Amino acid sequence: MLLRQLFELKHYNFVDEPMSWQEALRKCIDPLLADGSVEPEYADCLIENVEKHGPYIVLLPGVAMPHAVEGAVGTNREAISFMHVKEPVHFGAEDDPDTTATIFFTLSDVDADSHLQNMQHLAAVLSNPEVVERLKSVEKPDDLLEIEVDP
C-alpha cells in the first residue's frame with residue numbers, strides 16, 4: 001500500500017551520482033518539496049539532527065529514515081518519500097554497513113500522531129527482509145509497484 005501511494009504521489013527519487021550524506025539529505029526531500037509537503041529549511045533540520053545525534057537514521061544496513069522532531073521547521077504536512085541511490089551514502093566509516101544507506105524513506109511529521117502513522121506504514125515495509133532486498137535493487141519508479149508488501 002505505502003509503495004503504491006509513494007508512486008501515485010510521485011514521492012520518489014532515483015539518484016545515480018555519488019553524494020555526501022549532507023547532499024543526500026538535501027536530495028531526499030525533493031519529492032516533498034515539489035508538492036509543498038516541506039520547505040527547503042527542512043533539509044537543514046535533517047542535517048543538524050545527524051550532526052547532533054550521529055547516524056541514528058540508518059535503521060538497517062542500507063536503509064535510512066531521515067526525519068526530524070514533530071513540528072520541525074519546514075514541515076507543512078504529513079508525508080513520506082522514497083529515494084534510491086546507486087552509490088552508497090556513508091554516514092560513518094565507508095566500510096561500516098550500519099552507517100551506510102542506498103534506500104531512504106524520508107518522513108515529514110507535523111505531530112505525534114502523524115509520526116506514529118508514518119512509522120507504522122514503514123514498519124510494514126521494513127519488517128520484511130525480502131521487500132527490503134527488492135527495494136535495494138529498484139531502478140525506476142514502476143519497480144515500486146512490483147513489490148508486494150503484506151498489510
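Here are a few friendly notes on this predicted model, going from the overall fold to the sheet.

1. Let's start with the parts list. The protein has seven helices and five strands. Followed along the sequence, these elements give the pattern α-β-α-α-α-β-β-β-β-α-α-α.

2. On overall dimensions, the C-alpha trace spans about 35 × 35 × 25 Å along its principal axes.

3. How much of the protein is buried? Buried residues account for 46% of the 151. The accessible surface is about 7,700 Å², and carbon and sulfur atoms contribute 50% of that.

4. The contacts reach well along the chain: of those between residues at least 6 apart in sequence, 67% join residues at least 24 apart.

5. Now to the sheet, which is open, with five strands in the order 1-4-5-3-2 and mixed pairing. Strand 1 (12-15) and strand 2 (58-60) lie at the edges; each has a single partner strand, so one side of each has no neighbour in the sheet. From one strand to the next, the twist averages 25°.

6. Strand 2 pairs with strand 3 (residues 62-64) in the antiparallel sense, over two bridges. Here valine 58 is opposite alanine 64 of strand 3.

7. Finally, which helix packs on the sheet, touching strand 2? Helix 6 (residues 129-136) does, and it also touches strand 3, strand 4 (79-90) and strand 5 (100-108). The direction of helix 6 makes about 105° with that of strand 5.

Methods:
Residues numbered from 1 in each chain as written. Predicted model: local features only at pLDDT ≥ 70, side-chain atom pairs only at ≥ 80, totals over all residues. Heavy atoms only, no water. Pairing = 2+ DSSP bridges. Helix = DSSP H or I, 4+ residues; strand = E, 2+ residues; numbered from the N terminus. Axes fitted to C-alpha atoms, helices over the stretch in contact; angles between N-to-C directions. Contact = heavy atoms within 4.5 Å. Buried < 20%, exposed > 50% of the residue type's maximum accessible area, 1.4 Å probe, protein only. Areas by Shrake-Rupley, 256 points an atom, 1.4 Å probe, with all protein chains shown as cover.
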